[in-house]
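Student: Please pick one part of this model and take a close look at it. Then connect that part to the rest, one step at a time.

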Amino acid sequence: MFTKIEDFVAAWASEAELTATVLDALTDASLGQEVIEGRRMLGQIAWHLVQSLHYMTALGLTFEAPSGGEEAPDSAAFIASEYRRVSKNLLNAVRTQWNDESLRESVMIHEEAWQNGGSLRYTVMHQAHHRGQMTVLMRQAGLRVPDVYGPTYDTWAEKGIAPLI
Ligand code: NI
């Protein structure tokens, strides 16, 4: 869990940028790539990354973010720009509406007490989880996947290094 606002601000700035980089690599055509037949599509996971940030308003933060159903936009550029906007809104809300003390306060979520600093950590991990799902689907859709925590197969190959299996 985060115990200092400044630690969250630093983590969120870099993690949100990684997520935005992955979203930037999407194409409109790729948004229909399915996990399995009839289940979530790449575009829905991407849009979930935007929409899920709205849940943080349940913790008492106030910021503008879209909420609603699973209907994902059909524009990859729109999803990426909305992500940038909403992830900045969340960052600003935490920075200006909470302090280190707020991170130790608890909110009941599904009958479980969650400290706000833990909820922020969960939000970072939740993004990484879905980002990982996205990069596999992006590869299946024939897209070039950007480097996230390290070089991709293509980056290694371009450097003339045998990619790890
Ligand atoms: Ni999720």
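Tutor: Ala93 is found in helix 3, where a helix is a DSSP run of H or I with at least four residues, a strand is a run of E with at least two, and both are numbered from the N terminus. The model is predicted, so local features need a pLDDT of at least 70 and side-chain atom pairs count only at pLDDT 80 or more, whereas totals for chains, interfaces and linings use all residues. Residues are numbered from 1 along each chain as its sequence is written, and side-chain values use heavy atoms, leaving out hydrogens and water.

Ala93 has a relative accessible area of 2%, so it is buried (under 20% is buried, over 50% exposed, and in between partly exposed, with a 1.4 Å probe and protein chains only). Its C-alpha lies 6.2 Å from that of Phe63, although Ala93 and Phe63 are 30 residues apart in sequence.

Helix 3 runs over residues 76-97, and both this helix and helix 1 (5-24) supply at least two residues to the lining of the second largest pocket. A pocket is an open set of points on a 1 Å grid over the protein atoms alone, where a 1.4 Å probe fits and protein lies on both sides within 12 Å along at least five of seven lines; lining residues have an atom within 4 Å of a point. The second largest pocket holds about 150 Å³ of space, volume being the space filled by probe spheres set on the points, which are joined across faces, edges and corners. Its lining consists of Trp12, Ala13, Ala16, Glu17, Ala20, Arg84, Ser87, Lys88 and Leu91. Helix 1 gives the largest share, five residues. By type, the lining has five nonpolar residues, one polar and three charged (Ala, Val, Leu, Ile, Met, Phe, Trp, Tyr, Cys and Pro are nonpolar, Asp, Glu, Lys and Arg charged, and the others, Gly among them, polar).

Thr19 also belongs to helix 1. Thr19 counts as buried because its relative accessibility is 1%. Thr19 and Asn89 stand 70 residues apart in sequence, and their C-alpha atoms are 15 Å apart.

Val50 sits in helix 2, which covers residues 42-51. With 0% relative accessibility, Val50 counts as buried.

Next comes the metal site. The nickel ion is coordinated through the NE2 atoms of His48, His126 and His130, at 2.1 to 2.2 Å. Donors are N, O and S atoms within 2.8 Å of the metal (3.2 Å for Na, K and Ca), and sites may look incomplete because water is not among the atoms. Along the sequence, the spacing of the donor residues is H-x77-H-x3-H. His126 and His130 are about one helical turn apart because four residues separate them in helix 4. Both of these histidines are buried.

Gln127 is in helix 4 too, and it counts as buried because its relative accessibility is 1%. The side chain of Gln127 makes a polar contact of 2.7 Å with the side chain of Tyr83.

Helix 4 as a whole has 25 residues and spans 37 Å from first C-alpha to last, close to the expected 36 Å; the expected span is 1.5 Å times one less than the number of residues. After this helix comes Gly142, with a positive phi near 85°.

The largest pocket has a volume of about 390 Å³. Its lining has 14 residues, and those closest to the centre are Tyr55, Met56, Ile109, Tyr122 and Thr123. Helix 4, residues 116-140, contributes the largest share of the lining with five residues. Eight lining residues are nonpolar, six are polar and none are charged.

Most residues other than glycine have a negative phi. His110, however, has a positive phi near 50°, and Glu111 has a positive phi near 65°. His110 is exposed because its relative accessibility is 77%, and Glu111, at 76%, is exposed.

Note on methods
A polar contact is a pair of N or O atoms within 3.5 Å; within protein, one must be able to donate a hydrogen and the other to accept it, and residues adjacent in sequence count only if both atoms are side-chain atoms.
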